[in-house]
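Could you take me on a short tour of this structure? I have it open in my viewer and would like to know what to select next and what I will find there.

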Amino acid sequence: MIFGKRSKHIVGLDIGSSAIKLVELKKKGGEFHVEKLGFSTLSSEAIVDGAVMDATLVVDTIANLISRLGVKNPNFGISISGHAVIIKRITLPVMSEDELRESIQWEAESYIPFNINEVNLSYQYLGDEQDGQNMAVLLVASKKDKVTDYTSVVTQANKTPVLVDVDAFSLQNCFEVCMGLNPSEVVALVNIGASVMNFNIMTEGQSVFWRDISFGGNQYTEAIMKELSLSFEQAEALKKGEAVGGYTVENVIPIFNSVTEELSGELRKTLDFFRSSMQQDKIDRIVLAGGCSKVVNLTGILQQKLGTPVEILNPFSAIKYDESQYDPAWVNDIGPSMAIAVGLGVREVGD
Ligand SMILES: Nc1ncnc2c1ncn2[C@@H]1O[C@H](COP(=O)(O)OP(=O)(O)OP(=O)(O)O)[C@@H](O)[C@H]1O
Ligand SMILES: [Mg+2]
């Protein structure tokens, strides 16, 4: 069809430090369906501490995934996180849209620990404060060099980066589409990847607290390497259930449990900080995503230590897919680690 409607949806691409995740969704009758879904692990040297160290390897991995899945859509959405992103809810005197646009750069300077010329700024009016004098504005600053690193691997894989989001927001978009919002609940969303955990806490259906902490699956891998004298690759395989060097996953459960206790301490610190800074005592539930959410006993230990119900977000219990094309066991296995990609895949060009 020559005059067919141009597709306006975005391919969600999550460039993680341990794996690249891709999802293309299509909306049919108000519901999202999977068009393309793929996952490709990445060597631990390719992206270190959030920085692209081996761009060629990252580009090749993305390009292979695209060609293996036959992705035609040129419009890609990515997201970034970690030290290079600052998200803040700031309070400013009430002003018009034009005044805000003119003054935001200057206002932002006092909230951003980087040189203002080195960041991309975006902002959103959140609403007037109760005092009638001030208004709340969401401020997002991302370091330009990091954004360029991540967009350029997409460009080099011959696709167009039309959207650069932040992991914590993609996580929220995924949650809202897949699990729905209950405005009366306080929900802590936590995406636990290999090197970083992203927090997004929502009250009254609005996101109010964001934080990235350098803790994740790598802590488990490193503990296994140290305890059992294994290489990174061996420890990764063991973690995911393969038998390695005479060890099985059973042997690593005590190591898992002790790292999970540390993880629980990190979660507690952040949740306590949220409680005190937002003067909000209640947290109704914790929703986990990311590959690390699959660690054996994780939800049980967290639930017990934190005294809060913990569940895992699997986007594909809500999003339909063709079971003859994608094996349900595989889809459900990778599900939690696809949350960021899904949160990008529900976006459209220009929104
Ligand atoms: N079955 C499993 N059991 C335990 N850990 C797992 C399992 N599957 C994956 N992981 C761990 O999950 C982590 C990868 O998760 P994810 O794909 O969300 O991270 P990433 O996006 O690549 O990393 P980051 O966002 O931190 O850069 C790795 O540490 C990996 O070992
Ligand atoms: Mg990640």
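Start by selecting Glu204: in this predicted model, Glu204 has a positive phi near 50 degrees. This residue belongs to the hairpin of S12 and S13, where two residues lie between the strands. Now widen the selection to strand S12 (residues 197-203) and strand S13 (residues 206-213); they run antiparallel and are joined by seven bridges. Pick out Asn200, and you will find Trp210 of S13 opposite.

Next, go to ligand 1 and show the residues around it. Which of them come nearest? Among the 21 residues around ligand 1, these are Gly16, Ser17, Gly193, Gly217 and Gly291. Two elements, helix H5 (217-228) and helix H6 (232-239), each give two or more residues to this shell. H5 gives the most, with three residues.

For the last stop, select helix H7 (residues 249-278) together with helix H8 (residues 298-306). Their axes come within 10 Å and cross at roughly 45 degrees, so H7 and H8 are oblique to each other. The crossing of H7 past H8 is right-handed. To see where they meet, show Asn257, Thr260, Glu261, Ser264, Leu267 and Arg268 in H7, then Leu298, Ile301, Leu302, Lys305 and Leu306 in H8. Coloured by class, this contact of H7 with H8 shows five nonpolar, three polar and three charged residues.

Conventions:
Residues numbered from 1 in each chain as written. Chains lettered and ligands numbered in written order. Predicted model: local features only at pLDDT ≥ 70, side-chain atom pairs only at ≥ 80, totals over all residues. Axes fitted to C-alpha atoms, helices over the stretch in contact; angles between N-to-C directions. Helix = DSSP H or I, 4+ residues; strand = E, 2+ residues; numbered from the N terminus. Parallel < 35°, antiparallel > 145°, perpendicular 65-115°, else oblique. Left-handed = near helix turned anticlockwise from the far one by under 90°. Contact = placed C-beta atoms within 7 Å. Nonpolar A, V, L, I, M, F, W, Y, C, P; charged D, E, K, R; others polar. Near = placed C-beta within 6 Å. Pairing = 2+ DSSP bridges.
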